[in-house]
Amino acid sequence: MTRQVQAHHFCAHQNEEMRQCLIYDTPEANAKLIGLEYIISENLFLTLPDEEKPLWHSHLYEVKSGVLFMPRVPGPIERQDLEKVCKTYGKTIHFWQIDKGDNLPLGLPQLMMTLTRDGQLDDELARDVEKRFGVSFEKERAKRADMAGPTHGIHPLANGGGKGLITKLRELHCNRTDPSFASSQL
């Protein structure tokens, strides 16, 4: 939550259970591709091993708070899709840390989480987005108050299990004749 960026998603539906999205820093033609997100249904999320679940976040707060919106999509179509997204989980990896001002995607890819409660969104960023897109998060929140989240509630291991997570690079011995090579790949 110490770093926040605008993330503009362009998604393809693999099927009813999964979407994959390319994430750009703006919706403009000169946008930088900064990451990707996999979005899965609650049913698929529940099949994940427990050690995988903290890498995924719920979309419930993003949708109900009004901060997740679809510019230029007619209201009824947006609502129909957001009612589905409200029940999903996402795994997001950013390759380009644009908030650091880098001209290239430098460093390790980072697992990114999302907003999960009030008070986390940077006020300046919120005002900028509302002004740029002519949207009111408060008005959207009121219109979405009746939307439901995952049937079983937000899983306790989702959203980082309530903890911050960091991506680390570690060096491994890569001698394929070494019997420990296979186990070191886990």
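This is a predicted model: local features need pLDDT of at least 70, side-chain atom pairs count only at pLDDT 80 or more; totals for chains, interfaces and linings use all residues.

Q: What makes E1 and E2 a pair of strands, and how many residues lie between them in the hairpin?
A: Strand E1 (residues 8–15) and strand E2 (residues 18–24) share 7 bridges in the antiparallel sense. Pairing requires at least two bridges, so the two strands count as paired. The hairpin they form has 2 residues between them.

Q: Are Cys-11 and Cys-21 buried or partly exposed, and on what values?
A: Cys-11 has a relative accessible area of 40% and is partly exposed. Cys-21, at 2%, is under the 20% limit and therefore counts as buried.

Q: What is known of Cys-86?
A: Cys-86 is in no disulfide: the nearest cysteine sulfur, that of Cys-11, is 15 Å away. Because its relative accessibility is 0%, Cys-86 counts as buried. Cys-86 also belongs to the largest nonpolar core, together with Leu-60, Val-63, Leu-68, Leu-82, Val-85 and Met-147. Helix H2 (60–65) and helix H3 (75–85) each supply at least two residues of this core.

Q: Why are the buried residues of H3 said to be on the same side?
A: The buried residues are Glu-78, Asp-81, Leu-82 and Val-85. They cover an arc of only 105° around the axis, which puts them on the same side of H3. Pro-76 and Gln-80, on the other side, are exposed. The elements covering the buried residues of H3 include E1, E2, H2 and helix H5 (137–143).

Q: Why is Ser-65 called buried, and what does its side chain reach?
A: Ser-65, found in helix H2, has a relative accessible area of 2%, so it falls under 20% and is buried. Its side chain reaches the backbone oxygen of Glu-62 at 3.2 Å, and a polar atom of that side chain lies 3.4 Å from the backbone nitrogen of Val-67. Both distances are within 3.5 Å, so each meets the cut-off for a polar contact.

Terms used. Residues are numbered from 1 along each chain as its sequence is written. Side-chain values use heavy atoms; hydrogens and water are left out. A nonpolar core is a set of buried Ala, Val, Leu, Ile, Met, Phe, Trp, Tyr and Cys residues joined through side-chain atoms within 4.5 Å. Buried means under 20% relative accessible area, exposed over 50%, partly exposed in between (1.4 Å probe, protein chains only). Helices (H or I, at least four residues) and strands (E, at least two) are DSSP runs, numbered from the N terminus. The arc is that of the directions from the helix axis to the C-beta atoms. Contact means heavy atoms within 4.5 Å. A polar contact is a pair of N or O atoms within 3.5 Å; within protein, one must be able to donate a hydrogen and the other to accept it, and residues adjacent in sequence count only if both atoms are side-chain atoms. A disulfide is a pair of cysteine sulfur atoms within 2.5 Å.
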